[in-house]
Amino acid sequence: LFQYHVNSQIPVQEIGAGDMAIIAGIEDFTIGDTITSAIDPRPLPRIKVDEPTVGMIFSVNNGPFAGQEGKNVTSRKILERLERELLYNVSIRVEKTDANDAFKVVGRGELQLGVLIEQMRREGFELLVSKPQVVFKNVDGKKLEPFEHAVIDIEDPYVGAVTEKLGLRKGIMTNMVQKGTGRTRLEFRIPSRGLIGYRSEFLTDTRGTGLLNTNFDGWDDYRGDISSRINGAMVSDRQGEANAYSIWNKQERGTMFVNHGDQVYEGMIVGEHAKDNDLIVNIIEAKRMSNVRASGSDEAIRVIPVRPMSLERAMEWIKDSELIEVTPKTIRTRLKELDPHKRPKSSKN
C-alpha cells in the first residue's frame, strides 16, 4: 500500500477517506470492485455503467497508401491499443470478428468512438473504420433497440425545424418548456440510431446556438427503418493525382471532396453524386492540348472550394458498403471493395 507524497510514493499501513492510494499485488479487478476484509466482507454497491449501444468495426488499412503516414499499422498494434483502452474506459467493449485483422468496438455512442479514433490517429495509428451501427437485442422473440432521452435547448425560431427532423428519425416529444427568454427546452425519446449523424445537422439548423444532451433511456421495440443518405458517391477509377480540369468538369454532377493535387486511388470516394447511384469517374484526367487555338475554346476553370472531410462528417456520411480510412494526416472515404470486378453491379459510368 502506497500513498503519494509530493511527487514520490511512500509505503503506508492505512489510508483514510479522501486519500489517493496505490495498491500493488492485485490483478483482474475493475472499477466498482471493493477491497474489503476477507473475514467480514462489506462490499459497497457496485457502480452502474450504462451498457454500450453503438458499435464500429476497426480493421487494418489495406489501401494502396497504407503505411505512408502512420507507424502503427498492424492488427497486433491496433489490438494492443484497444486492450489498453479497456483498462480505464469501462464503457468500451472489444469483440473479435471472423477476420483476424478486424475488431468490433462497442461504445456508448458515435461521439465516444470518434474520440477514441482521433486519439489513435494522433498516436500514429492507421486503420479503417466502418459506419456506426447500433446494438440490437432479441428478448422473447422481440427485436429491441436502445433508446436515448434527448434534452435540447434552442432558440424559439428553430423549434419547428428541430421537431420536424427528430420526428423523421422516429423521435417522440415528451416535454416542451418555453423559458420566456427567447429559448425553448425540448425533450425527446428517440432511438439511438436516430441520433447517428444528427449532431452536425442540428448545429446547422440552429446556426450553432443549440445545445443537445442525451442519456441512455433503456430498450424498447424496434421502430422500423430510418431514412439515411440517399445520394450515391463519385468513385475514382484509377490511382493518381487529382486534376483541376477534371474536378471542374465533375462539379455539375455533385459535390467534390478532393482538391487539385490530392492523391487518389481506385475505389476512393472523391465526391457525392447528385443522384442515388454511384458514379465511376476519372478524376486525374488533364485537358488535352494542341497547337490549334480558337476564340472561346479555352474556358476559365473555376473550382468550387471543398469542405474537408472531417472524421465526424465521414462517420455520419458513409453507407454500410463504405469505409473511412484514418491516418495521422488524412481522412479519406472509400468503398469496402476496391476491385471493381468484385463490387455489386449497381454502379454506373
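Predicted model: local features only at pLDDT ≥ 70, side-chain atom pairs only at ≥ 80, totals over all residues.
A residue counts as buried here when its relative accessible area is under 20%. The chain has 349 residues, and 40% of them count as buried. It holds 6 helices and 21 strands, and its C-alpha atoms fill a box of roughly 95 × 55 × 50 Å along the principal axes.

**Strand β6 and its partners**

- Strand β6 covers residues 102–107 and is mostly covered, with 5 of its 6 residues buried.
- On one pairing, strand β4 (residues 54–59) runs antiparallel to β6 and is joined to it by 6 bridges. To find this pairing in the model, look for S59, which stands opposite A102 in β6.
- Strand β5 (residues 93–96) also pairs with β6 in the antiparallel sense, over 4 bridges. Here R93 is the residue standing opposite V106 in β6.
- β5 and β6 are joined by a hairpin, and 5 residues make the link.

**Helix α2**

- Helix α2 takes in residues 110–122, which makes 13 residues. From first C-alpha to last it reaches 18 Å, close to the 18 Å expected at 1.5 Å a residue.
- Which residues of α2 are buried? They are E110, L113, G114, L116, I117, E118, M120 and R121.
- As background for reading that list, an α-helix has 3.6 residues a turn, so residues three or four places apart point the same way.
- G124 follows α2, and its phi is positive, near 95°.

**The largest pocket**

- The largest pocket holds about 1000 Å³ of space.
- How many residues line the largest pocket? The lining has 29 residues, and R169, I196, S228, R229 and E316 lie nearest the centre.
- Sorted by class, the lining has 13 charged, 9 nonpolar and 7 polar residues.
- Four elements each supply at least two lining residues: β8 (133–134), α3 (159–168), α4 (199–205) and α6 (311–317).
- Of the contributors, α6 gives the most to the lining, with 4 residues.

- V235 stands opposite I269 in β18.
- Another open sheet has 3 strands in the order β2-β1-β3, with antiparallel pairing. β2 (8–11) and β3 (21–22) stand at its edges with a single partner strand each, so one side of each is left without a neighbour in the sheet.
- β1 (residues 2–5) pairs with β2 in the antiparallel sense over 4 bridges. Q3 stands opposite I10 in β2.

**Loop residues worth a look**

- K170 sits in the loop between α3 and β11 (172–178). Its phi is positive, about 70°, although K170 is not a glycine.
- Is K170 buried, exposed or partly exposed? At 32% relative accessibility, K170 counts as partly exposed.
- R207 is found in the loop between α4 and β13. R207 also has a positive phi, about 55°, although it is not a glycine.
- R207 counts as exposed because its relative accessibility is 59%, and the exposed class begins over 50%.
- G210 has its place in the loop between α4 and β13 (211–221). G210 is buried because its relative accessible area is 9%, and the cut-off for buried is under 20%.
- G210 and S91 are 119 residues apart in sequence, and their C-alpha atoms are 27 Å apart in space.

Key. Residues numbered from 1 in each chain as written. Heavy atoms only, no water. 1 Å grid on protein atoms, 1.4 Å probe; cavity = no way out; pocket = protein on both sides within 12 Å on 5 of 7 lines; lining within 4 Å. Points joined across faces, edges and corners; volume = space filled by probe spheres on them. Nonpolar A, V, L, I, M, F, W, Y, C, P; charged D, E, K, R; others polar. Pairing = 2+ DSSP bridges. Buried < 20%, exposed > 50% of the residue type's maximum accessible area, 1.4 Å probe, protein only. Expected span 1.5 Å × (residues − 1).
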